[in-house]
Amino acid sequence: MKSFDIILGDITKIKADAIVNAANTTLLGGGGVDGAIHRAAGPELLTECWALHGCATGEAKITKGYRLPAKYVIHTPGPIWQGGTHHEADLLKNSYMNSLGLADAHRCRTVAFPSISTGVYHFPLDQASGIAIHAIREFLAYSLYVEKVTMVCFDEVTKAAYEKVLEK
Ligand code: ADP
């Protein structure tokens, strides 16, 4: 039975087969959830990321989770909001779909996401939450291994926005 839930929490504490990192295109760490994941995983994560030579917006790359409770970290740079006319919606959907595709290819059963692009990348939360949930549902309909996806919201406002999409 496949499932999707929304929780309030810190993604670095989640014991999933894979957690997703809202990275930047360098994959060399940054602020927000990216910084928290690198701090919790330890310096070996940065060493592995160096060898990946970056990642394009909407694409995804996978590493080990090191000191995290998660087995893998899937790094995806979401789009920076530039008013909505720069393919931001398609790129955000790509981030979710490519992350889930990589998780499935690595036979992950459980995957946790942060709210990609809605922090310093300023993607409007009401739109981002709809894109995220529709992408996750679409993927879960045909995934081979991924059966449980959790949206890990860091604050109540974010959680409420995702819950509102589910109510529709
Ligand atoms: P982006 O650059 O993609 O906008 P941010 O890290 O700035 O990424 O923000 C994405 C979301 O992740 C925001 O809702 C932010 O509050 C949230 N966030 C920050 N730290 C954590 C964490 N430890 N666990 C889960 N979500 C987090």
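## Terms and basis of the model

Two residues are taken to be in contact if their C-beta atoms, placed from the backbone, lie within 7 Å. The structure is a predicted model, in which local features need pLDDT of at least 70 and side-chain atom pairs count only at pLDDT 80 or more, while totals for chains, interfaces and linings use all residues. Residues are numbered from 1 along each chain as its sequence is written.

Helices (H or I, at least four residues) and strands (E, at least two) are DSSP runs, numbered from the N terminus. The UniProt record, an unreviewed entry, places the feature "domain: Macro" at residues 1-168; positions from that record are given in the numbering used here, feature names are shortened, and annotations may be inferred rather than shown by experiment. Over residues 1-168 the chain is 38% helix and 19% strand, with the end C-alpha atoms 22 Å apart.

## The sheet and its order

An open sheet is formed by 6 strands in the order S1-S6-S5-S2-S4-S3, with mixed pairing, where two strands pair if DSSP finds at least two bridges between them. Strand S1 (3-8) and strand S3 (61-64) stand at the edges, and because each has a single partner strand, one side of each is left without a neighbour in the sheet. From one strand to the next the twist averages 25°; axes are lines fitted to C-alpha atoms, for helices over the stretch in contact, and angles run from 0 to 180 degrees between N-to-C directions.

Strand S6 (residues 148-153) is mostly covered, since 5 of its 6 residues are buried, a residue being buried if 20 or more other C-beta atoms lie within 10 Å of its own, exposed if 12 or fewer, and partly exposed in between, with C-beta atoms placed from the backbone.

S4 pairs with S2 in the parallel sense over 6 bridges, with Thr76 in S4 as the bridge partner of Ala22. With S3, strand S4 (residues 72-77) pairs in the antiparallel sense over 4 bridges, and Lys61 has His75 in S4 as its bridge partner. Helix H3 (residues 88-105) packs on the sheet, where it touches strand S2 (18-23), S3, S4 and strand S5 (110-113), and its direction makes about 155° with that of S4. S4 is covered on both faces, with Tyr72, Ile74 and Thr76 buried on one side and Val73, His75 and Pro77 buried on the other.

Tyr96 lies in helix H3 and counts as buried because it has 25 C-beta neighbours inside 10 Å. Not counting residues up to four places away in sequence, Tyr96 touches Ala132, Ala135 and Ile136. The C-alpha atoms of Tyr96 and Val20 are separated by 9.1 Å, although these residues are 76 apart along the chain.

## Cys49 in helix H2

Cys49 lies in helix H2 (residues 43-50) and, with 23 C-beta neighbours inside 10 Å, counts as buried. Leaving aside its neighbours within four places in sequence, Cys49 is in contact with Leu27, Leu28 and Thr63. Gly29 is 20 residues from Cys49 in sequence, and the two are 8.8 Å apart in space, C-alpha to C-alpha.

## Positive phi in two loops

Tyr66, found in the loop between S3 and S4, has a positive phi of about 50° although it is not a glycine. Tyr66 is partly exposed, because 18 other C-beta atoms lie within 10 Å. Ser117, in the loop between S5 and helix H4 (125-140), likewise has a positive phi, near 75°, in a residue other than glycine; Ser117 is buried, with 27 other C-beta atoms within 10 Å.

## The shell around the ligand

The ligand is surrounded by 21 residues, of which the closest are Ala22, Gly32, Gly119, Tyr121 and Phe154; a residue is near a molecule or strand if its C-beta atom, placed from the backbone, lies within 6 Å of it. Helix H1 (residues 32-41) contributes the largest share of this shell, 4 residues. By class, the shell has 10 nonpolar, 8 polar and 3 charged residues, where Ala, Val, Leu, Ile, Met, Phe, Trp, Tyr, Cys and Pro count as nonpolar, Asp, Glu, Lys and Arg as charged, and the others, Gly among them, as polar.
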